[in-house]
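Hello,

Here is the structure for your set, with the sequence alongside. My notes on the strands follow below it.

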Amino acid sequence: MGHGLSDPALTFAVALAAGVIAQAIAHHLRLPGIVVFLLAGVLLGPDVANVIRPETMGHGLEMLVGLAVAVILFEGGLNLNIDRLRREATTIRRLITVGAVVTAVGGALVSHLFMGWEWRLSVLFGTLVIVTGPTVITPLLRRIRVKKSVQTVLEAEGVLIDAVGAIIAVVALEVVVARSGTEAAQGLLGIPSRLLVGAVVGAVGGFFLGLLLRYERLVPDGIQNIFTLALVLVLFEVSNWVVAESGIMTVAVAGLIVGNMNTTVDRELREFKEQLTVMLVGLLFVLLAADVRIREVLDIGWRGVWTILALMLVVRPINVWICSAGSALTRPERMFISWLSPRGIVAAAVASLFAQRLTDEGFAGGTQLQALVFMVIAITVLVQGLSGGWVASRLGVRRPSHQGTVIVGANAVGRALARALTRANHEVLLVDSNAREARLAEEDGLTVLFANAMEERTLQRADVEGRRAIAAVTPNPDANLLIANQVREATRGPKTYVTLGRGKAGARARRIRRDGHDILFGREIEMGQWNHYLEQGTAEIETWRYRGPSEDDEVEVAVLSGLGHGPHLIPLTVVRGTRAELVDQETEVRVDDEVTFMVHHEADTDVENLLKVAGWERVDAPDPQPETTEGVGVGPA
């Protein structure tokens, strides 16, 4: 039997449900999730509805917060790309070292100046606001879509500064409550030892975990995600057992290592951890917000607002300009990084811990400190989250959207399609893991990403979110549909085209349309046959302009492929004015449109006569580049 409002299980269950519901509400209202989480925690907490009472959980709340933060930072580390980190390594390294000191000192000064606090409490506040956090940075960046260099710096800072900042804050607390100079000195020495032990345990543990996940059947199908979760929590607690409070660095480093290893469950693991993180962030923010007293926030009033404004408009810009000096970041990029520094779950969690510890040690001001940190979180997330897109646009640091096409498959048909788009001044990126095909594409002067398109990191490197279209042109229709579905799950931005092979039972036209994709070329084609034609030089690429067979001003391209010459004539692209489009089942051509075709030589005369009679005129000569591949060996791209 439960015990009503004093039941910790009821508090946990209601907070969990409230967090998930708040996430759904935030999505529909297009608000940062944390704003709704905080509001839900206040409304359901002791000061209003009195349904969620965190104090009933006792020390269980501290344990829950620790384990949840471990999962959140591991998930944040999973999403960091080491190659991109190397390019911005100097700025990132400074932000998590020099920047941490600048923020701590600046935070202490502004809180002492505006709040009138004693130095010990001010120093604790300064260390608490060092962190930013992936739970707020990552969702904002997904929505805003800034340049890769800016995104890399902010994401890496969000994950790594959480670990560094939390350790510095805990050490600062130990120094403040120390009863002797010796204890204080020992506390200060704990910073390098915690960082070092955390990094080493995380690197070793992450590499071992990555190896286990790298080989199929080593970890049975269906339990890889929970297997990973269990080992992450073990790593966190083992590291804390070796050196107290080092586990937070351990999980961040472990996530970075695992995320950059080729595992068999890369995509599934990221999806599982992302969903788990969303659930835990909602749960924690609701619980921790309910633990803050409204009276304390109101007592702070305008003093707190001025403190936060100084933190946002003075301390953060000074920090970024010092840490990015001499880097390749442009002035607008540095200005945007200076603006975007919302605080997240780690600041809330550590502030809650501080309030309890200071109260236990007999220090005044613990609840005020917690209230001010929650004001920092609420104001920075609300102001910077809602204005981030506008600021990025004004500074010109947003990535262009709907730019170019990604073609998955650098085979002869894929290369022909890429050349047709390139001739129309359309940006094209080919993706293929076949070294021979990739090299042939490069010899044609095409841009190639030599990678496996089935991996999520490949889609990220290809920047599928910012593309106008993705076309899957592999000889395997099932793989084409799978790739298109992966893209559709990752982003709703680009149009997705699937090549459908004739006579294949795996991917039918009805299923492709049901999943929201278009059929490339408008119908089934014999991929193997056309690849053979193009490689042997018995097919060529031709461009024709439609003049109209009669007074009608439009005719469907599908009619062309249904005149009995379908096996010898495949439409690739339609150019209308300056815009090039791929051909699908609904494509129409109008007078003066130019269409690029693949034409089989054996039927060249018949096709040419057919097109002329139907109102078309030849625009160019046949493609002079035969794709004969005799003597070409297999080598690296």
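Which helix lies across E2 and E3, and at about what angle does it run to E3? The answer is helix H19, residues 435–443, which runs at about 160 degrees to E3. Please keep in mind that this is a predicted model.

E2 and E3 belong to an open sheet of six strands with parallel pairing, in the order E3-E2-E1-E4-E5-E6. Its edge strands are E3 (448–450) and E6 (518–519), each of which pairs on one side only. Within this sheet, E1 (residues 405–408) and E2 (residues 428–432) run parallel and are joined by four bridges. Threonine 405 has valine 428 in E2 opposite.

The other part of these notes concerns strand E9, residues 569–576. Seven of its eight residues are buried, meaning under 20% relative accessible area, so the strand is largely enclosed by the rest of the structure.

E9 has antiparallel pairings with two strands:

- With E12 (residues 594–600), E9 pairs over six bridges in the antiparallel sense. Threonine 573 has threonine 596 in E12 as its bridge partner.

Regards

Definitions and conventions. Residues numbered from 1 in each chain as written. Predicted model: local features only at pLDDT ≥ 70, side-chain atom pairs only at ≥ 80, totals over all residues. Heavy atoms only, no water. Buried < 20%, exposed > 50% of the residue type's maximum accessible area, 1.4 Å probe, protein only. Pairing = 2+ DSSP bridges. Contact = heavy atoms within 4.5 Å. Axes fitted to C-alpha atoms, helices over the stretch in contact; angles between N-to-C directions.
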